[in-house]
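Trainee: I have a new model open on my screen and would like to learn how to read it. Could you walk me through it feature by feature?

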Amino acid sequence: MELLRAVLQPSINEEIRGVFNKYMKFFQKAAINVRDNVGEEVDPEQLIQETCRSCLEQAKLLFSDGKKVIPRLPHEQAVPKRARQMDEELNRRGSPVPKKRKGRPPGQSLANDRGVSGMAAWKLKVSEPVRRDGPKWDPSRLTETTTFVLGSRANKALGMGGTRGRLYIKHPHLFKYAADPQDKHWLAEQQHMRATGGKMAYLLIEEDIRDLAASDDYRDSVDLKLEELKPFIPPAWMTEKMQKYMETLRNGGDLLTLPLEGPPEP
């Protein structure tokens with residue numbers, strides 16, 4: 001069984017990645033919202049990574065024998081632990097559990113208002129459909145000479161600094177392709193990026209980024225650095241995958257229906 005699992009694991013991992021890609025826009029928007037409400041010290045990517053790990057931990061319950069307890073991540077068990085400690089202390093003293101008071105504790109009004117309004121705005125944005133039509137979503141525009149850029153470089157080129165994910169939140173209509181392990185291996189081999197392990201890497205069409213840079217929102221920005229783009233032409237097998245990916249998204253299909261294809265056999 002272990003040998004069979006090892007053989008199937010790459011395909012299983014790819015399908016799991018597809019599931020997370022399907023929900024990634026929600027995680028990204030929520031993480032950016034947390035950072036905006038809490039402060040710049042919050043790393044949205046770290047929050048997303050923790051959430052994804054938490055999802056995987058909870059998914060283990062589907063295969064639990066009912067005896068083993070699935071350990072929770074540190075940030076999940078912190079609050080319940082404090083609550084249990086308070087209950088134990090109250091029981092030891094023989095004090096009744098205090099009733100919840102109506103209204104807000106002093107000093108929390110402004111913070112709560114900000115959090116609620118932020119979440120309300122986020123929910124409204126999530127409900128807005130992303131348009132995936134027109135010439136920019138025509139798979140035939142992706143040819144063997146089409147140049148692409150890394151999402152991280154596009155982020156810097158448009159003056160967004162090291163704020164990961166900001167470009168995708170601000171411009172959800174952009175076509176972006178999440179590189180799979182085979183793609184990332186090629187990108188690292190060609191020195192377009194460092195070997196990142198499980199870290200997400202997105203590819204965007206260079207033409208789309210240059211169109212954005214020429215728009216009113218960016219063309220007069222002093223932070224515009226188009227030399228950061230470092231465009232490249234991917235191999236034909238990778239472009240083919242991106243064409244199928246674009247076609248699936250344009251038709252509103254499920255990302256899990258995409259075939260698992262890598263480079264051609266030598």
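The dialogue below goes from the overall layout to helix packing, helix faces and backbone angles.

Mentor: Gladly! Keep in mind that this is a predicted model.

Trainee: Where do I begin? How many helices and strands does the protein have?

Mentor: Start with an inventory. The protein has nine helices and three strands. Their order from the N terminus is α-α-α-α-β-α-α-β-α-β-α-α.

Trainee: What share of the residues counts as buried?

Mentor: Of 266 residues, 31% are counted as buried. Taking contacts between residues at least 6 apart in sequence, 71% join residues at least 24 apart.

Trainee: Now helix packing. At what angle do α1 and α2 pack?

Mentor: For a helix pair, look at the angle, the distance between the axes and the handedness. Helix α1, residues 2-38, packs on helix α2, residues 44-59, at about 135°, and their axes are 9 Å apart. The two are therefore oblique to each other, since angles over 145 degrees would be needed for roughly antiparallel. The crossing of α1 past α2 is right-handed. On the α1 side, the contact includes I16, F20, M24 and F27, while α2 brings residues including L47, I48, C52 and L56. Sorted by class, this contact has 13 nonpolar, two polar and one charged residues.

Trainee: Which handedness does the crossing of α7 and α9 have?

Mentor: That crossing is left-handed. The axes of α7 and α9 come within 11 Å and cross at roughly 140°, so this pair is oblique as well. Here Q182, D183 and W186 of α7 meet W237, M238 and K241 of α9. The contact by class has three nonpolar, one polar and two charged residues.

Trainee: Staying with α7, which of its residues are buried?

Mentor: An α-helix has 3.6 residues a turn, so residues three or four places apart point the same way. In α7, the buried residues are D183, K184, W186 and L187. They span an arc of only 160° around the axis, which puts them on the same side of α7. The face turned away from that buried side carries the exposed residues P181, H185 and E189. As for partners, the buried residues of α7 pack against β1, β2, β3 and α9.

Trainee: Let me try α8. Which residues are buried there, and what covers them?

Mentor: In α8, residues 206-213, the buried ones are E206, D208, I209, L212 and A213. Viewed down the axis, they fall within an arc of 165°, so they line one face of the helix. The cover over these buried residues includes β1, α5, α6 and β3.

Trainee: Last topic: backbone angles. What is phi in Q191 and in K230?

Mentor: When phi is positive, check whether the residue is a glycine, then see where it sits. Q191 has phi near 60°, and Q191 is not a glycine. Q191 lies in the loop between α7 and β3, and it counts as exposed because its relative accessibility is 72%, with the cut-off at over 50%. K230, also a residue other than glycine, has a positive phi of about 50°. Its place is the loop between α8 and α9.

Trainee: And how accessible is K230?

Mentor: K230 has a relative accessible area of 49%, so it is partly exposed.

Notes: Residues numbered from 1 in each chain as written. Predicted model: local features only at pLDDT ≥ 70, side-chain atom pairs only at ≥ 80, totals over all residues. Heavy atoms only, no water. Axes fitted to C-alpha atoms, helices over the stretch in contact; angles between N-to-C directions. Helix = DSSP H or I, 4+ residues; strand = E, 2+ residues; numbered from the N terminus. Parallel < 35°, antiparallel > 145°, perpendicular 65-115°, else oblique. Left-handed = near helix turned anticlockwise from the far one by under 90°. Contact = heavy atoms within 4.5 Å. Nonpolar A, V, L, I, M, F, W, Y, C, P; charged D, E, K, R; others polar. Buried < 20%, exposed > 50% of the residue type's maximum accessible area, 1.4 Å probe, protein only. Arc of directions from axis to C-beta.
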